[in-house]
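Try each task before reading its solution.

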Amino acid sequence: MTSAVDLDFRPEAPAFDANAALGRRHDRRVAVDDAAGLLAEMDRAGVERALVYAPHAAAFDSAEGNAGLLEAIGDESRLVPQFVCNPTFDDLEATAAQIEAAGVRAVRMVPMLHHYPFRSWVVGEWLEWLSVSGIPLWLPASYEANWHDGGDLDPHAVHETVRQFPDLHVVLCEVHYVQASWAPPLLRSLPNLSIEVSRYVIVDGIARLLEIVGPRRVLYGSRFPEQAIAPQLYHLHRLGLNEADLRAVCGGNLERLLGMSSDG
Amino acid sequence: MDSPVIDFHSHAGCWGRYGVDADCDLYLKVMDAAGVDRSCINCIWFGDARRGNDLVMEYVKRAPDRFIGVAFATPHYPEEAVRELERAVHGLGMAYVKIYPDYFGRPNDDPAYFPIYEWVDEQEMAVMCHATYPFDPPGTTIEGRFTALSERFPNVRWVMAHTAGAVDADAAETARTLPNVYMETCSSRTTLGATEFNVERAGEDKVLYGSDMALMDARQQIAKVVTADIPRRAKEKILGLNAIRLLRLDDPARGGAA
């Protein structure tokens, strides 16, 4: 029985973290806030690469945060930048140019923190551009800050809006068990929606997600530095997945969404 | 790993709000995949404690070598509480007592619990409860709360549910300084460095692994201990050896070896 516990765990599949933050927060000091620290934790957990965004870009100013992110990453190829965009105030043309110049492959929006409804009359132009550009969009189901609770994402708005952009790939991230009531039916109804599972800890929940949407729409993520990198990876290795599905969930699906693999 | 794994914090029964069923087969499947030998299981969902404890026994009877029953008592029915604990512990063989201050609407040091604690004190057993309460007044500290409880009920061993899943200096200091106070690991968060912090501050003998099954998945919850940057021996203690010692599971008079 106890042989199932692996105190010397190392991931068997190449791991690519789909949800990590890099940089200082204004509201509290996090345990790791620079690239060297993140890379050291990735090495300890056996994670090869991470998609990273700047918390400052989410909480305060997207342009300053995104610029700081690129500075923090430098020429470290294991860290893949994700820009935070605020479609209510950011200039689409200028942002698109910055994203192209920096080789950014993914965008994150935080409507509950940036105070806008996730509706096509607000975000439609941006989603059209993302669709045409082949850039996937991350949407956190919640966002926590100690001065302000951003509240939960409106699932109805996501459903009504994302269905209008069938060529856009959207990743629902930071889904807690209190959102397990609506996340599975949302995934079922939107074939272009995937889920990142850093907070999805409800019993047998990931196995049920895999049954609902299949192995190509479930992505490993850590939610670093709020959370440790290795635990959810260990969990995924205890689900009894075959090698191909494990590789897909641990990193292959993220590679594909970011256009970094030959598996279309 | 050769030493036993004991889940100190798990629940039986349905919790439909979160899609949790009273599914013993699923429970055992997840325990097997996680490598959990035995789960300490309680049922705190009912206003009628007897109903919850009987449900626990359905799991225990189904797999007596895998489940350890944990008694539940509610202060809302003080006329029933001690009698039900007598039945659950001495009649059904349950190993310790769980209370749930958040749902009772009373913090764990409310005098309404004192008849329960007096009985547990006489039995020299453990009580597991949350360390804090959503409506604690400013200035409330965990250390102050458990110091007072420990002085009043010196034979109770207190397990502070969820505290080892967070970085909380107050909780860790409480477990370090009070010999009969312990921490437990389950949390929906996998806070970076929490296990390491609590082992360093409270000591490896004071931390117990718990999952919060069947709400949260034991395979995920155990990972925060398994993958922590702590010595192997500390992991073995947290994952089972500390629970064996706390519950005296290696005492043949209390049910034999784990």
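## Exercise 1: What surrounds a helix

The buried residues of H8(B) are covered by elements that include H7, E8, E9, helix H10 (223–226) and H11 of chain B. This is a predicted model, so please read every value below as computed from it.

Task: Find which residues of H8(B) are buried.

Solution. Step one is the list itself: Ala194(B), Thr195(B), Phe197(B), Asn198(B), Val199(B) and Ala202(B) are buried in H8(B). Step two recalls the helix repeat: an α-helix has 3.6 residues a turn, so residues three or four places apart point the same way. Step three looks just past the end of H8(B), where Gly203(B) takes a positive phi of about 105°.

## Exercise 2: Two helix pairs in chain B

Task: Decide how H7(B) and H8(B) are oriented to each other, and which residues make their contact.

Solution. Start with the geometry: helix H7 (residues 169–177) of chain B packs against helix H8 (residues 194–202) of chain B at an angle of about 40°, and their axes are 8 Å apart. Angles under 35 degrees would count as roughly parallel; H7(B) and H8(B) are therefore oblique to each other. The crossing of H7(B) past H8(B) is right-handed. On the H7(B) side the contact uses Ala169(B), Ala172(B), Ala175(B) and Arg176(B), while H8(B) supplies Phe197(B), Asn198(B), Arg201(B) and Ala202(B). Sorted by class, the residues of this contact between H7(B) and H8(B) are five nonpolar, one polar and two charged.

Solution. Helix H2 (residues 49–62) of chain B and helix H3 (residues 78–91) of chain B pack at about 10°, with axes 10 Å apart. That angle makes H2(B) roughly parallel to H3(B). From H2(B) come Ala49(B), Arg50(B), Asn53(B) and Asp54(B), which meet Glu84(B), Arg87(B) and Ala88(B) of H3(B). The class count for the contact of H2(B) with H3(B) is two nonpolar, one polar and four charged residues.

## Exercise 3: The sheets of chain B

Task: Trace the six-stranded sheet of chain B and name its edge strands.

Solution. The sheet is open, its strands pair in parallel, and their order is E4-E5-E6-E7-E8-E9 (chain B). Its edges are strand E4 (71–72) and strand E9 (207–208) of chain B, each of which pairs on one side only. Within the sheet, strand E7 (residues 157–161) of chain B pairs with strand E8 (residues 181–184) of chain B in the parallel sense over three bridges. Met160(B) stands opposite Met183(B) in E8(B). H7(B) lies across E7 and E8 of chain B and runs at about 140° to E8(B).

Task: Repeat the tracing for the three-stranded sheet of chain B.

Solution. This open sheet has the order E1-E2-E3 (chain B), again with parallel pairing. Strand E1 (6–11) and strand E3 (67–69) of chain B are the edges, each pairing on one side only. From one strand to the next, the twist averages 30°. Four bridges link E1(B) to strand E2 (residues 38–42) of chain B in the parallel sense, and Asp7(B) stands opposite Ser39(B) in E2(B). Helix H11 (residues 232–247) of chain B lies across E1 and E2 of chain B, at about 80° to E1(B).

## Exercise 4: A strand in chain A

Task: Is strand E3 of chain A mostly covered or mostly open, and which strands pair with E3(A)?

Solution. Strand E3 (residues 79–84) of chain A is mostly covered, with six of its six residues buried. Take the faces one at a time: Leu79(A), Pro81(A) and Phe83(A) are buried on one side, and Val80(A), Gln82(A) and Val84(A) on the other. Strand E2 (residues 49–53) of chain A pairs with E3(A) in the parallel sense over three bridges, and Ala50(A) stands opposite Leu79(A). Three bridges also join E3(A) to strand E4 (residues 106–108) of chain A, running parallel, with Gln82(A) opposite Ala106(A).

Technical notes:
Residues numbered from 1 in each chain as written. Chains lettered and ligands numbered in written order. Predicted model: local features only at pLDDT ≥ 70, side-chain atom pairs only at ≥ 80, totals over all residues. Heavy atoms only, no water. Axes fitted to C-alpha atoms, helices over the stretch in contact; angles between N-to-C directions. Parallel < 35°, antiparallel > 145°, perpendicular 65-115°, else oblique. Left-handed = near helix turned anticlockwise from the far one by under 90°. Contact = heavy atoms within 4.5 Å. Nonpolar A, V, L, I, M, F, W, Y, C, P; charged D, E, K, R; others polar. Pairing = 2+ DSSP bridges. Buried < 20%, exposed > 50% of the residue type's maximum accessible area, 1.4 Å probe, protein only.
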